[in-house]
Amino acid sequence: MKQWGRAALVVAAPLLLGGCGKQSPLSPKSPSSHDIAVLWWWMLGVAAIVFFGAVALLVIGWVRRDRPGLPFFGERESVNVGLVITFGMVIPVVVLVALFGISDLWLVTKTGAPAKGSTAMTIRVIGHQWFWEVRYPGTSAVTANEIHVPARTRVQVVATTADVIHSFWVPQLNRKIDTIPGRTNRVLLYADEPGVYRGQCAEFCGLQHAHMAMKVFAQPRKEFQTWLKGQEKPADTPATAEQREGRQLFLQNSCAGCHTIRGTSAQGDLGPDLTHVGSRTTLGALILPNDPRALERWIHDPQSIKPGAKMPALDLSNADFKAIGSYLDHLR
Amino acid sequence: MAVALPKAAEPRVDRLERIWKERPGVMGWLTTVDHKRIGIMFLFTSLAFFAAGGVEALLIRSQLLQPNGTVLGPNGFNEAMTMHGVTMIFLFVVPISIGAFGNYLVPLMIGARDMAFPRLNAFSFWVFLAAGIFMYVGVFSGNAPTAGWFDYVPLAEKTYSPGSGIDFYALGLIFAGISSTATAVNLIVTIFKLRAPGMSINRMPLFCFAFLAVAFALVFALPALTCALLLLEFDRLLGFHFYDVSAGGDTILWQNLFWIFGHPEVYIIILPAFGIATSIIPTFVRRRMVAFPLVALAELLVAFIGFGVWAHHMFAVGLSQVTTIYFAAASLIIVIPSGIQLFAWITTIVTGTPRFKTPLLWIVGFIVLFIIGGLSGVMFAAIPFDQQLTDTYFVVAHFHYVIFGAAVFPILGGLYYWFPKVTGRMYHERWGQASFWVSFAGMNLTFFPMHIVGLLGMPRRQYTYPGDLGWTGYNVVESIGAYLLAAGLLMVVANLVVSLFRGERAGPDPFGGATLEWATSSPPPAYNYAVIPKVSSPYPMWDAGDRDEDVANLAGGRMVLEQGHETPASTAVDAEWDEILDMPSSSPWPLVLAVAISGIFAFVLLEQWIAAAVFVVATLVVLAAWHGKEPAEA
């Protein structure tokens, strides 16, 4: 009985919590997402009327299954055809014209690419198999999977891809936009209030499409400026012997071929920029929470955590992994 | 025939039996050109693929039963997800609709003795079988495609999808396209030219209008797919750069070509189901369809407008706003013909005296599911909403309501409805109704929560998901629903298999059907009708005098055509008597040709160009042999 109770709770809990998801278009935190959510609720209302109306007709058909013809109108074929024309053509035309006007002529202008000059700042987001590279034009800051923006500020996201098609999607803040090879797409990012908003790649992009998530940290403007300044700096120098050992190992092994740590000789561009990896809250596009142990685990065997990721496992000793983990954790 | 034969007719019927008899045993099936036997082969083959696609679906649902599932792993999931889509669309729904239902029923409904091109018909079956095997050879040799059923480039290019999985997909679909094209051309000519004299176009059953629309849509839609796939294979096998941006190609070209095919394909999938619905409803509500001409027109319009809406699959691509608005408008317009059909069915049911037997239950279920799928579909014409919810589980819910609810439900209803005709035995009514309710519950339990989980932000096509986003409970329900749905479908299979051996004898017309197929015996003889039936309305079985006239004609030797392997041809619109067609008899060449073409595809896949060329020559030789002199009749 107890298990059944627990199972029922598992099934019911999300129903009760519905709409409170961290990645839910139904808990909008920006004007664009809010408009879309409102549009949804209206469409749902109209759809419910249509659905229950049609089902009511079927129920009438069942109740009157032994009597031909319609209630009140009897067996007049012209009335029957009139019903088909009214419900099948006239009413749909009215409803659809309204929908078209509201959503496709009016609302669409508010969720489209932001007009030139209408935004306060621009960030570049580049999709990779399977992480998001984030750049802040005009600064040297580069990060991955964790996008910091000032809250209550119109931010233009310029979305491109380094390989296949991805789709940049933070549902609480706006609709999605694909990143297409050879094309540059733009979308507005605006957060009503400071907070953390989860997003995820929405276009199937291969093996680890499921683990290509991101977080948007909308911060008070001051806090954001401080963060950005920190990210512009080159990497910290190691503070302990173990960290020095870790840096040495990092630069000697294949790590440096794929990753950049600004201020060192590591200048690879296949994997995420690690200059301030220690300041990030997660690893592997949100697959692990970031701490020294997780870093160590990740470096030790990325393939068992994120099978198919482009990062190979290295043939090093446990002490070596610990040293590299300690060094990277230090890069705040 | 429905009525006992008059004495004078017996020698004529005997003669027809002799003329139309095919070889016995396995050789008979391998060389058959009988549209009914070909239809049955299409049925069993596509049902086998349905089972395969179903197993893939259950694997997917098992993997997603809980967060961080480990049933399949990322590669296994991507294989199952891709093959589920490919199998269900290309190897199940389309072949069972046009290959099984179309093939078996269209000639019967129009009073013809076969399809217009019987050998082409056999060829299209063997090609379909070969293409299906071709793709599953890929799966079982560890080379399943993993780029999803719409296979976007550059993910599907060699750089990102090495190995031959995508080649099995692309070549397999080109291969299967040959089959669909052949069947479609055959249906068009059959419907235009082989209608019994008297069945002018306005007396043609709505079922045939639906199949006419589908056949035209296929003929015009498939070339776009074939072209897209050919360019892809040029890229993959020969190093071309059609889709390679770095060399001046374009990735969006693939999406345009694919969806120019892909959206009409949606209507290709559901229109046959509409045809089935318009056959079952009049029979069980015992009245004619309301607004017949409007429905016929709507069926054709849906197929036509369906070609102008493809870019609504691409609203998140970043197309210009003008483009998206145009395609949104077109997508809204197509709602109208669907609305007409929907309310024509509903009004017919309301104003008739329905008997809610198994086939009608599936159709009522279909109507309910189609309304839900249609309403969620309309929402995707709202561009901002589409851009928010596309590529989430909301869209997965939507198209399963349309494809499973609006296409597969009528197909299952149709299986019950025509089972007595094809086998001569009745299905079990009580178990039939139970199978419906279990499937209906399973269907909704599986797919309805997907709307919600999509609205909670769960993207489609991810092999796993974290447990802290509020998605888990819905996924549990969906997976339980999937197992229930599978149980419902197994009940359908069990019912029909047991009934095949132990069902009551059905007789020619167990339901009081309206269309001609109920005029002949169950199962129908090889020649379908001993006498070409008289037709004076779209409900010929309800014009009682006409059937008496058939019997008189048979006795008097009018419209019997027992001098050879013959069927009459009529004019395309008014169905006036045109000429007598000498129909081809059974032949091994369609099968041999399909084998030869299989050789071409197999060796292209292996990049053995010389061997492939040899099979091209072999194909030409077989084609020549096909058109050689027929062996004398035994």
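User: Which residues count as nonpolar, which as charged and which as polar?
Analyst: Ala, Val, Leu, Ile, Met, Phe, Trp, Tyr, Cys and Pro are nonpolar; Asp, Glu, Lys and Arg are charged; the others, Gly among them, are polar.

User: What kind of model is this?
Analyst: This is a predicted model, in which local features need pLDDT of at least 70, side-chain atom pairs count only at pLDDT 80 or more, and totals for chains, interfaces and linings use all residues; side-chain values use heavy atoms, with hydrogens and water left out. Residues are numbered from 1 along each chain as its sequence is written, while chains are lettered from A and ligands numbered from 1 in the order in which they are written.

User: How many cavities of 30 Å³ or more?
Analyst: Five. A cavity is a set of points, on a 1 Å grid over the protein atoms alone, where a 1.4 Å probe fits but cannot get out; lining residues have an atom within 4 Å of a point. Points are joined across faces, edges and corners, and the volume is the space filled by probe spheres set on them.

User: What volume has the largest cavity, and what lines it?
Analyst: Its volume is about 150 Å³. The lining has 16 residues, with B:Phe90, B:Val94, B:Pro95, B:Ala176 and B:Ser180 nearest the centre. By class, 10 are nonpolar, five polar and one charged.

User: Which element gives the most to that lining?
Analyst: α6(B), with six residues. In chain B, α4 (73-109), α6 (165-193) and α7 (206-238) each supply at least two. Helices are DSSP runs of H or I, at least four residues, numbered from the N terminus.

User: And the second largest cavity, what volume?
Analyst: About 100 Å³. Of its 13 lining residues, B:Pro205, B:Leu206, B:Thr278, B:Ser279 and B:Thr515 lie nearest the centre. Two or more residues come from each of α7 and α8 (251-285) of chain B, and α8(B) gives the most, three.

User: How many charged residues in that lining?
Analyst: None: 10 are nonpolar and three polar.

User: Switching to chain A. Which domains is it divided into?
Analyst: Domain 1 (10-110), domain 2 (121-232) and domain 3 (241-330); the bounds come from an automatic or database domain assignment.

User: How many Å separate the centres of domain 2 and domain 3 of chain A?
Analyst: 22 Å, taken over C-alpha atoms.

User: What area do domain 2 and domain 3 of chain A bury?
Analyst: About 1700 Å², 54% of it on carbon and sulfur atoms. Buried area is the accessible area (1.4 Å probe) that two parts lose on being put together, summed over both.

Conventions: 1 Å grid on protein atoms, 1.4 Å probe; cavity = no way out; pocket = protein on both sides within 12 Å on 5 of 7 lines; lining within 4 Å.
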